[in-house]
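This briefing is intended for reading alongside the sequence and the coordinates. It covers charged pairs, helix packing and a few individual residues.

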Amino acid sequence: MRIVIAGGHGQIALRLERLLAARGDEVAGVIRKAGQGDALRAAGAEPVVLDLESASVEEVAEVLRGADAAVFAAGAGPGSGVTRKDTVDKGAAVLFADAAVRAGVRRFLVVSSMGADAGHTGGEVFDAYLRAKGEADGYVQGLDALDWTVLRPGGLTDDAGTGLVRLEARTGRGMVTRDDVAAVLAELLETPATAGLTLELVGGSTPVSVAVKSVAGN
């Protein structure tokens, strides 16, 4: 498969790129800065420099044309303010989804967040983040032209992955390693029957492949 990942220099994205490249997929990662390219190349991915806060739908669609799947894994980051939650966590996700539709790329994965909710209240930056992610998820979920899956991990850690997770519509709060999030995304890309599902993910006791097959109904 050819897979294009938005936010290609992110911690989950780099892990996912390594997994996909290792299994023989062709991977491109969209990044904002050319200086991030070496990290992508080391992971086995092709860097594509394009700022999703200023690019047009057609510019992004051009990157996506010919892809078998798209993954939105971009984020404004923990040091950003409310404005960039809206322009990146929401705006860039909407742009990437619209571009996938225009390019004819049906399979579309979103790396969201547990607690994402367009109606979330509160005035802190993290509250704005959860609202932005919820609004972005809702937009993608409303696009009939996409075979979308929304993945909402719990608290993220840099511990070594265990390969054991809990993946359900509702898991309750918990932690999960970035390694295991990437492994689940890689498995979801190979499991089209998970289209139309919004899933929460935390560490657990079920092997990744088994957990994904379970939610897919296999």
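How many salt bridges does a search of the whole structure find? The search finds 18. The model under discussion is predicted.

**Salt bridges**

- Side chains of opposite charge can pair when their charged atoms come close.
- Asp-25 and Arg-23 are joined through their side chains in a salt bridge, with an N to O distance of 2.7 Å. Asp-25 has a relative accessible area of 12% and is therefore buried, the limit being under 20%. Arg-23, at 33% relative accessibility, is partly exposed.
- Arg-41 pairs with Asp-38 in a salt bridge of 2.9 Å, N to O. Both residues belong to helix H2 (residues 37–43), where they are 3 residues apart, about one turn of the helix. Arg-41 is partly exposed, at a relative accessible area of 47%. Asp-38 reaches 54% relative accessibility and so counts as exposed, for which the value must be over 50%.
- A salt bridge also connects Arg-102 with Glu-58, whose closest N and O atoms are 3.3 Å apart. This pair links distant parts of the chain, since Arg-102 is in helix H4 (residues 82–103) and Glu-58 is in helix H3 (residues 57–64), 44 residues apart. The relative accessible area of Glu-58 is 32%, and the residue is partly exposed.
- Four residues, namely Arg-15, Asp-158, Arg-178 and Asp-179, are linked in a network of salt bridges.

**Contact of H3 with H4**

- Two packed helices are described by the angle between their axes and the distance between the axes.
- For H3 and H4, the packing angle is about 60° and the axes are 8 Å apart. The two helices are therefore oblique to each other.
- The crossing in which H3 passes H4 is right-handed.
- On the H3 side, the contact involves Val-57, Glu-58, Val-60, Ala-61 and Leu-64. On the H4 side, the residues are Leu-95, Phe-96, Asp-98, Ala-99, Ala-100, Arg-102 and Ala-103.
- By class, the contact of H3 with H4 holds 9 nonpolar and 3 charged residues, and no polar ones.

**Contact of H6 with H7**

- Helix H6 (residues 178–189) and helix H7 (residues 208–215) have axes that come within 9 Å and cross at roughly 50°. H6 and H7 are therefore oblique to each other.
- H6 passes H7 in a right-handed crossing.
- H6 contributes Ala-183, Val-184, Glu-187 and Leu-188 to the contact, while H7 contributes Val-208, Ser-209, Val-212 and Lys-213.
- These residues of the contact of H6 with H7 divide into 5 nonpolar, 1 polar and 2 charged.

**Thr-149**

- Thr-149 is part of strand E6 (residues 147–153). Is Thr-149 buried or exposed? With a relative accessible area of 1%, Thr-149 is buried.
- Apart from neighbours within four places in sequence, the contacts of Thr-149 include Arg-107, Phe-108, Leu-109 and Val-110. Leu-188, Thr-194, Ala-195, Gly-196, Leu-197 and Leu-199 are also among them.
- One of these contacts of Thr-149, Leu-188, also takes part in the contact of H6 with H7.
- Between Thr-149 and Gly-119 there are 21 Å in space, C-alpha to C-alpha, and the two are 30 residues apart in sequence.

**Asp-127**

- Asp-127 lies in helix H5 (residues 125–141) and counts as buried at 14% relative accessibility.
- Which residues does Asp-127 touch, not counting those up to four places away in sequence? They are His-120, Thr-121 and Gly-122.
- Asp-127 and Val-82 are 45 residues apart in sequence, with a C-alpha to C-alpha distance of 9.0 Å.

**Thr-191**

- The loop between H6 and strand E10 (197–203) contains Thr-191. Thr-191 is buried, at 9% relative accessibility.
- Setting aside neighbours within four places in sequence, Thr-191 is in contact with Arg-107, Val-212 and Ala-216.
- Arg-107 is likewise listed among the contacts of Thr-149, and Val-212 belongs to the H7 side of the contact with H6.

Conventions
Residues numbered from 1 in each chain as written. Predicted model: local features only at pLDDT ≥ 70, side-chain atom pairs only at ≥ 80, totals over all residues. Heavy atoms only, no water. Buried < 20%, exposed > 50% of the residue type's maximum accessible area, 1.4 Å probe, protein only. Helix = DSSP H or I, 4+ residues; strand = E, 2+ residues; numbered from the N terminus. Axes fitted to C-alpha atoms, helices over the stretch in contact; angles between N-to-C directions. Parallel < 35°, antiparallel > 145°, perpendicular 65-115°, else oblique. Left-handed = near helix turned anticlockwise from the far one by under 90°. Contact = heavy atoms within 4.5 Å. Nonpolar A, V, L, I, M, F, W, Y, C, P; charged D, E, K, R; others polar.
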